[in-house]
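My notes are below, in the order in which I looked things up.

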Amino acid sequence: MGSREEILERIRRNTQEIHEYPDLNPLKQAALTFEDRIGAFVLALKAAGGDAVTAGDASDIDSIIRREYPDAKSIVSPIDIIECKTASPEDFSRPEDLDGTDVAVVRGDFGVAENGAVWITDYGKHRALLFIAEALVIILNKNNIVDNMHQAYSRDEMSRERSFGIFISGPSKTADIEQALVFGAHGARKVTVILI
């Protein structure tokens, strides 16, 4: 048993009173819904500091990446169809070797219209790829956008056993230093979602 499991087991053993989960149905029924999910997703992503670009089909992805990031020398992706990539995460033995990556290109499982977030589980060998690259490109099927987080957590992808998954909505940012908004503080400075 790992340390995480040991801690959780101790908590369970020492819990004096157990409470039932609250009924979330009223919240689910009152949750935001959108007539135009894609449009709402694009607006929410933009509000979070990200950009969305629509591709005609998968063959347009490389030209969009090159157009959006013309100076990128290091493009790392676990996706086979990305022809402009210079490396795959599997080419690196340690996560820190990814330092210097200009653009990381990953696939998003689904997006959320209410906040522009994308659920990501496909990042290759090192999850550090999502945070160490200067820019992050997420390829997302526009038919896989849900209205709200209630629907997001009800999706099959969320119940699968995995070691890591993350919602990303726009570039990394912080505003705790002199109350100035700073992008790229703990991750990518720029996030582009390519909708196909």
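Predicted model: local features only at pLDDT ≥ 70, side-chain atom pairs only at ≥ 80, totals over all residues.

Strand 6 covers residues 135-140, and six of its six residues are buried; strands here are DSSP runs of E with at least two residues, helices are runs of H or I with at least four, and both are numbered from the N terminus.

Residues are numbered from 1 along each chain as its sequence is written, and side-chain values use heavy atoms, with hydrogens and water left out.

Next I looked up the partners of strand 6, taking two strands as paired if DSSP finds at least two bridges between them. Strand 3 (residues 103-107) pairs with strand 6 in the parallel sense over five bridges, and valine 105 stands opposite valine 137 there. Strand 11 (residues 190-195) also pairs with strand 6 in the parallel sense, over six bridges, with valine 193 as the bridge partner of isoleucine 138.

I then turned to helix 4, where Ile61, Asp62, Ile64 and Ile65 are buried. Seen down the helix axis, the buried residues of helix 4 fall within an arc of 165° (taken from the directions from the axis to the C-beta atoms), so they line one face of the helix. Those buried residues pack against strand 1 (51-54), strand 2 (75-76), strand 3, strand 6 and strand 11, contact meaning heavy atoms within 4.5 Å.

Which side chain of opposite charge is nearest to the buried aspartate 62? I found that it is arginine 66, 6.5 Å away, and that aspartate 62 has no salt bridge, which would need a side-chain nitrogen of Lys or Arg within 4 Å of a carboxyl oxygen of Asp or Glu. The side chain of aspartate 62 does reach the backbone nitrogen of glutamate 83 at 3.0 Å. Leaving aside neighbours within four places in sequence, aspartate 62 is in contact with Ile81, Ile82, Glu83 and Cys84.

Conventions. Buried < 20%, exposed > 50% of the residue type's maximum accessible area, 1.4 Å probe, protein only. Lys, Arg positive; Asp, Glu negative; His and termini not counted. Polar contact = N/O pair within 3.5 Å; in protein donor to acceptor, adjacent residues only side chain to side chain.
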